[in-house]
Amino acid sequence: MDKNGTAKDEAIRSRGESPVVLSVKNVSKSFRLPTEQATGIKMAFLNWTKGIKGYTEQKVLKDISFDVHQGDFFGIVGRNGSGKSTLLKIISGIYVPEQGTVDVTGKLVPFIELGVGFNPELTGRENVYLNGALLGFTHAEIDAMYDDIVQFAELEDFMDQKLKNYSSGMQVRLAFSVAIKAQGDILVLDEVLAVGDEAFQRKCDNFFAEVKQDPTKTVILVTHSMESVKKYCNDAILIKDGKIIASGNKNDVADRYTLENLKRKDKEKQVGESGGKAEAYETGLNKRVPILSVNPVSNQVVDGTEPFKFEIEYQFDEVGTDFYMAIAMYDVKRGGVVYDTGSKRLKMKEYGHVKVRYEIPLDPFNNGQFRIVTSLRTPNPLHDDTTDMVAFTSDENSCFFNISNKRNRDYALLSDRAMQVKELDTVKCPRED
């Protein structure tokens, strides 16, 4: 199979060759938020006569539609407040939509919050049966699942102890084991992947790898981790302000989510321009340098095959004073400085309010998220070979971007194109008796 075989298989499945097990059609949901509380019947009547409702209506979901096929590992992503949790509760039957329909084929097992329904005064064994009953399983069905749950949680010696005597890690392991070992057709998981210690997370990772290979099991995953979306899911949707703004290929949805977050950072840089109260200068800026920012020229989600273009915008009015721009690139996820121009490399030529464009090659790098920062510097009067920092860009006015390309790896910073280890020779050591 070629390197695109997996993606091709996923695309075929997403086109509907497997039966639809969850169909969400034109779902909308609103909530009434109280704005004025009536203290009695008289006040309520007076409010009514004045046309005062005492509440505002907040539309949380707006005409949501999508299908999940049997065997899908389906991702739902979005920022906090986008409507994800409300959608999950509608899918799980906790909420009823005001408009639209939700059709489920098979047994859906929701785990919207780990540990909900657990009683600290009951034993681990009793909590497994209690939680199973709350999920709609019979005693016999829980009997059939019990050994697998306990074995996966690695709590065989503790199941007859009260839950309040468990450590927090033990409680999470038990709750998560109930979640993923429940014998349902559709498993709904909300932000529950990063649980337990490293060894337990590896076990969970292996379990999800097995689930992905089972064409009868369907998983709906809600997460803020785009790494999890790209690793596990085959299809995904992105919700913003109650609407689906991207759907389909997991990588496209994950990159769009990242781009939305980057746009939000750019938008937050403009706080104060619309009349909001703000400090005189943003963090890192001052009277001498009231403007300094790194702005993207290229798209902020790139494949790394072309140089990344960006511009530095600054204002420095001290005509006759030498000044420099130091530029550094940081690896956001792995940590560390990827590249640094040094404090006296880029001598600036223009005074006043200026924009200067630059580019940096990305071909040597693997996938990741990066941040470009800059600082404006002037010569140190006591040391000719050093400079003093006058202003710098903080997170709010630095430039973030992502590299995402199937040709790259995700773990190491440098790609095989940039660096490879070459074997020089092999020497067999004498055996010591």
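## Asn-119

Asn-119 is partly exposed, because its relative accessible area of 29% falls between the cut-offs of 20% and 50%. The model is a predicted one. In it, Asn-119 sits in the loop that links strand S5 (108-111) and helix H4 (124-134).

Contacts of Asn-119 beyond four places in sequence are with Asn-127, Leu-130 and Leu-163. Asn-131 is twelve residues from Asn-119 along the chain, and their C-alpha atoms are 9.3 Å apart.

## Nonpolar cores

The largest nonpolar core has 47 residues. Within this core, Phe-111 and Leu-174 touch the most other members. Leaving aside residues up to four places away in sequence, Leu-174 touches Phe-118, Gly-124, Val-128, Ile-149, Ala-153, Leu-155, Met-159, Leu-163 and Tyr-166. Another core lies apart from the largest one and has 28 residues. Its members include Leu-285, Val-302, Met-325 and Ile-327.

In soluble globular proteins, nonpolar side chains tend to be buried together.

## Helix H7

Which residues of H7 are buried? They are Phe-200, Cys-204, Phe-207, Phe-208 and Val-211. These residues cover an arc of only 100° around the axis, so they lie on the same side of H7. An α-helix has 3.6 residues a turn, so residues three or four places apart point the same way. The face turned away from the buried side carries exposed Glu-198, Glu-210 and Gln-213.

The buried residues of H7 pack against both strands and helices. The strands are S3 (73-77), S6 (186-190) and S7 (218-222). The helices are H5 (139-153), H6 (168-181) and H8 (226-232).

## Lys-250

Lys-250 belongs to helix H9 (residues 250-268). Is this lysine buried or exposed? Lys-250 is buried, because its relative accessible area of 10% is under the 20% cut-off. A polar atom of the Lys-250 side chain lies 3.2 Å from the backbone oxygen of Cys-233.

## Confidence

The average pLDDT of the protein is 84, and 83% of the residues score at least 70. Residues 1-15 have pLDDT below 50; this stretch has 17 contacts in the model beyond near neighbours in sequence. Over residues 272-278, pLDDT also stays under 50. For residues 272-278, the model has two contacts beyond four places in sequence.

Conventions
Residues numbered from 1 in each chain as written. Predicted model: local features only at pLDDT ≥ 70, side-chain atom pairs only at ≥ 80, totals over all residues. Heavy atoms only, no water. Core = buried A, V, L, I, M, F, W, Y, C linked by side-chain atoms within 4.5 Å. Buried < 20%, exposed > 50% of the residue type's maximum accessible area, 1.4 Å probe, protein only. Contact = heavy atoms within 4.5 Å. Helix = DSSP H or I, 4+ residues; strand = E, 2+ residues; numbered from the N terminus. Arc of directions from axis to C-beta. pLDDT = per-residue confidence, 0-100. Polar contact = N/O pair within 3.5 Å; in protein donor to acceptor, adjacent residues only side chain to side chain.
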